[in-house]
Amino acid sequence: MGPSPEDTDRGPRSHLTDIGRSLRSHLADTGRALASHLGRIGRELPGQLRHIGRGLLSLLTHIGRGLTHIGRGLTHVGRGLRSSLVGANRSLRSYLAGIDRDLRPYLIGFALALILTAIPFALVAFKPLPKAPTLIIIGVAAAIQVLVHLRYFLHLDLTSTPRENLVAIVFTAILIFLMVGGSFWIMFDLHSRMAM
């Protein structure tokens, strides 16, 4: 079917006019709706802003009160901590002053063991001496360290030790001497055979 005679009488100009009217009508409706929405927003906005302002003011007031309580709590904690530290300092001083005779040997032995361990470490780290004296000093420090452990930690001395303890110490020393000496003997023997 072709266009009707009425459509052919109307030209493109009349179509554009119809489109323009329709567009104008839509724009006018959109403008009225937009103006209505903007008017409603304009009427409601001050009330909402006042409500938001009151809420923020209330929130800031609560935060301020909370910070005040935290500050007071920290003041109390500081006072309590200060008195606790003073009390701890007094108790530590009285404890150290009243260390009994049973604990003193352990503390002396611990200090000597630390010193006898630090000396070989320092000699190896800083290398102030040649190799042979360094090895001799390390061996002497190790032997003294064994005696310190026997005396201060195991409480073994020759005057008050029963005969069984003395026999056990001598037997252990002989075994250690045989194991260490035998190991050195084997290593030096292998070294001399490999050098040939």
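Predicted model: local features only at pLDDT ≥ 70, side-chain atom pairs only at ≥ 80, totals over all residues.
1. Residues are numbered from 1 along each chain as its sequence is written, and side-chain values use heavy atoms, with hydrogens and water left out.

2. Staying with Thr 134, this residue lies in helix H4; helices here are DSSP runs of H or I with at least four residues, numbered from the N terminus. Thr 134 counts as buried because its relative accessibility is 9%. The cut-offs are under 20% relative accessible area for buried, over 50% for exposed, and partly exposed in between (1.4 Å probe, protein chains only). Leaving aside neighbours within four places in sequence, Thr 134 is in contact with Leu 123 and Leu 129, where contact means heavy atoms within 4.5 Å.

3. Leu 123 brings us to helix H3, as one of its buried residues, together with Gly 109, Ala 113, Leu 116 and Pro 120. The buried residues of H3 pack against helix H4 (131-153). How far apart are the end C-alpha atoms of H3? They are 33 Å apart, which agrees with the 33 Å that its 23 residues (104-126) should span at 1.5 Å a residue; the expected span is 1.5 Å times one less than the number of residues.

4. Next, the loop between H3 and H4, where Lys 127 lies. Most residues other than glycine have a negative phi. Lys 127, however, has a positive phi, near 50°. With a relative accessible area of 64%, Lys 127 is exposed.

5. Now for the rings. The structure holds two aromatic pairs, counted when ring centres of Phe, Tyr or Trp (its six-membered ring) lie within 6.5 Å; planes under 30 degrees apart count as stacked, over 60 as edge-to-face and the rest as tilted. Phe 184 and Phe 188 form a stacked pair, 6.2 Å centre to centre with 20° between the planes. Because they are four residues apart in helix H5 (residues 163-195), about one helical turn separates them. Phe 184 is partly exposed at 45% relative accessibility, and Phe 188 is exposed at 57%.

Conventions: Helix = DSSP H or I, 4+ residues; strand = E, 2+ residues; numbered from the N terminus.
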